Amino acid sequence: MNIPFLDNWLKRHVAEQEEDDLSAEYDPERAAAVAELLSECELLRVRAGQAGLELDDSPTSLAALDQLPPRWRDDPEELPWLGNDAGLYLGTVIVRTVRGAAWHIWPGGHPVVRLASGREISVVEAGLEWAVNGAPQLSQVYAEAAEA
């Protein structure tokens with residue numbers, strides 16, 4: 001539906017929101033708390049542990065996750081939760097090991113990883129795709145982020 005006055009209002013509102021986001025002061029304590037919360041990934045850590053894999057927040061652990069047999073696909077109720085955790089774990093590894101990478105939470109609560117270049121990675125979507133299809137591999141998404 002094309003409603004010109006609504007389109008103009010939306011454009012102006014989005015621009016104002018972006019200005020607010022950019023002008024907000026960086027709070028290191030808040031950033032650390034958000035990073036800690038996002039790094040929990042409890043379901044993924046439990047399932048990896050059951051497979052004999054300890055997740056140590058390193059790029060090599062992403063490659064090890066890629067090699068696990070996808071038994072979680074047998075449980076359609078658990079699948080989206082595990083995929084979400086896989087995405088958050090991917091983001092955690094990127095934030096902890098790629099210089100300049102940081103979590104960014106969009107209005108509405110959608111977490112992404114913003115690289116120093118300004119590029120944003122929708123890690124949750126990548127994790128869900130990995131859990132459902134096996135691709136892209138988590139280690140591949142990490143390698144692309146590390147190169148940027």
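Modeller: Helix α5 (residues 79-97) packs against helix α6 (residues 123-133) at an angle of about 130°, their axes being 7 Å apart. Helices (H or I, at least four residues) and strands (E, at least two) are DSSP runs numbered from the N terminus. Axes are lines fitted to C-alpha atoms, for helices over the stretch in contact, and angles run from 0 to 180 degrees between N-to-C directions. This is a predicted model, in which local features need pLDDT of at least 70 and side-chain atom pairs count only at pLDDT 80 or more, while totals for chains, interfaces and linings use all residues. Residues are numbered from 1 along each chain as its sequence is written, and side-chain values use heavy atoms, with hydrogens and water left out.

Colleague: How is the orientation of α5 and α6 classed?

Modeller: Angles under 35 degrees count as roughly parallel, over 145 as roughly antiparallel, 65 to 115 as roughly perpendicular and the rest as oblique. The pair α5 and α6 is therefore oblique. Their crossing is right-handed; a crossing is left-handed if the near helix is turned anticlockwise from the far one by less than a right angle, and right-handed if clockwise.

Colleague: Which residues in α5 and α6 meet?

Modeller: Contact means heavy atoms within 4.5 Å. From α5 the residues include Leu79, Leu82, Gly83, Gly87, Leu90 and Ile94, and from α6 they include Val123, Gly127, Leu128 and Trp130. By class, the contact of α5 with α6 has 14 nonpolar, five polar and no charged residues. Here Ala, Val, Leu, Ile, Met, Phe, Trp, Tyr, Cys and Pro count as nonpolar, Asp, Glu, Lys and Arg as charged, and the others, Gly among them, as polar.

Colleague: At what angle do α3 and α5 cross?

Modeller: Helix α3 (residues 42-50) and α5 cross at roughly 95°, and their axes come within 7 Å. That makes α3 roughly perpendicular to α5. Glu42, Leu43, Leu44, Arg45 and Arg47 in α3 meet Trp81, Leu82, Asp85, Ala86 and Tyr89 in α5. This contact of α3 with α5 divides into six nonpolar, no polar and four charged residues.

Colleague: What is seen in the loop between α6 and α7?

Modeller: Pro136 lies in that loop. A cis peptide bond joins Ala135 to Pro136, with omega about 0°.
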